[in-house]
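Hello,

Here is the structure we talked about. Please have a look, then read the notes below.

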Amino acid sequence: MEPLRPGASPPPTFFLALLLLLLAASSSSPSSSQATDNPKGKGKALLRQREVLDLYNGMCMQGPIGIPGRDGNPGVNGIPGTPGIPGRDGFKGEKGECMRESFEESWTPNYKQCSWSALNYGIDLGKIAECTFTKMRTNSALRVLFSGSLRLKCKNACCQRWYFTFNGAECSGPLPIEAIIYLDQGSPELNSTINIHRTSSVEGLCEGISAGLVDVAVWVGTCSDYPRGDASTGWNSVSRIIIEELPK
């Protein structure tokens with residue numbers, strides 16, 4: 001039999017063998033044989049045996065802790081639950097703004113320049129210069145510019161007007177494009193010698209012109225309720241008309 005290690009608990013079979021030895025010793029002793037002859041002694045012997053059984057019965061020592069078992073296989077999915085109760089309606093939201101998305105084509109520059117080295121145009125009424133332009137879109141505007149030398153001479157008060165036309169008509173989107181020169185009345189001797197030529201410009205935007213060929217022209221005329229004088233355009237210098245199509 002293997003000896004017990006220090007601190008180890010005896011196995012349960014050890015206590016069972018010890019119990020059997022005690023019972024055998026009590027039954028083989030002389031007092032027990034005498035007690036069998038005596039009914040009272042026999043009862044005491046049985047009582048002693050019962051006490052020994054009750055004392056050592058159930059004195060089983062706990063064994064060492066076993067090795068933990070492996071994890072079990074994952075269980076199958078459960079049965080889906082029943083649908084929940086519908087929630088309450090939320091609060092009414094604020095009124096939104098209507099957003100309209102627009103898709104526009106990329107804008108390609110479209111412009112033209114017509115120039116003259118020396119117009120030296122001395123008319124007082126009529127067309128001075130013209131430049132033809134191809135307008136690509138209807139929903140666009142035309143920017144026009146005339147740059148050149150202008151002069152007005154008169155003995156009495158006079159006024160002259162330089163303006164643009166588009167296909168023979170002045171701009172109506174929104175208003176005509178014009179410039180004026182006015183001379184007040186002075187002494188006849190002094191006014192007769194005034195002859196000043198200045199580089200000036202006439203410029204503006206015109207809308208509402210259809211796509212296609214557009215005849216852009218510069219004219220000279222009179223101002224309303226004022227007499228005309230002696231006008232001159234483009235004297236001894238370069239004059240030019242610049243036309244550009246712009247998106248609205």
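First, a term: buried means under 20% relative accessible area, exposed over 50%, and partly exposed in between (1.4 Å probe, protein chains only). The model is predicted: local features need pLDDT of at least 70, side-chain atom pairs count only at pLDDT 80 or more, and totals for chains, interfaces and linings use all residues. Residues are numbered from 1 along each chain as its sequence is written, and side-chain values use heavy atoms, with hydrogens and water left out.

Aromatic contacts

Tyrosine 226 is partly exposed, at 43% relative accessible area. Tyrosine 182 is partly exposed too, at 39%. A search of the whole structure finds 1 aromatic pair. Tyrosine 182 and tyrosine 226 form it, edge-to-face, with 5.5 Å centre to centre and 75° between the planes. (Rings of Phe, Tyr and Trp, the last by its six-membered ring, pair if their centres lie within 6.5 Å; planes under 30 degrees apart count as stacked, over 60 as edge-to-face and the rest as tilted.) Tyrosine 182 lies in strand β5 (residues 178-183) and tyrosine 226 in the loop between β7 (212-222) and β8 (230-233), so the pair ties together parts 44 residues apart in sequence. Strands here are DSSP runs (E, at least two residues), numbered from the N terminus.

Strands

Strand β3 (residues 140-153) is mostly covered, with 11 of its 14 residues buried. Which strands does β3 pair with in the antiparallel sense? One is β9 (residues 239-247), over 8 bridges. Another is β6 (residues 198-206), over 9 bridges. β8 is joined to β3 by 4 bridges. Two strands pair if DSSP finds at least two bridges between them. Arginine 143 stands opposite glutamate 244 in β9. Leucine 145 has glutamate 203 in β6 as its bridge partner. For leucine 150, the partner is threonine 233 in β8.

There is also an open sheet of 4 strands, antiparallel, in the order β2-β7-β4-β5. β2 (126-135) and β5 are at the edges with a single partner strand each, so one side of each has no neighbour in the sheet. β2 and β7 pair over 9 bridges. Alanine 129 stands opposite valine 218 in β7.

Charged contacts

How many salt bridges does a search of the whole structure find? The search gives 7. A salt bridge is a side-chain nitrogen of Lys or Arg within 4 Å of a carboxyl oxygen of Asp or Glu.

- Glutamate 203 bridges to arginine 143, with the closest N and O atoms 2.7 Å apart. The former lies in β6 and the latter in β3, so the pair ties together parts 60 residues apart in sequence.
- Glutamate 178 bridges to arginine 161, with the closest N and O atoms 2.3 Å apart. Glutamate 178 lies in β5 and arginine 161 in β4 (residues 158-166), 17 residues apart in sequence. Arginine 161 counts as buried, at 15% relative accessibility.
- Lysine 248 and glutamate 207 meet at 3.9 Å, N to O. Lysine 248 is exposed, at 64%.

Salt bridges that share partners join Arg143, Glu203 and Glu244 into one network.

Arginine 161 has another contact: its charged end sits over the ring of tyrosine 163, 4.4 Å from the centre. (That needs NZ of Lys or CZ of Arg within 6 Å of the ring centre and within 35 degrees of the ring normal.)

Best wishes
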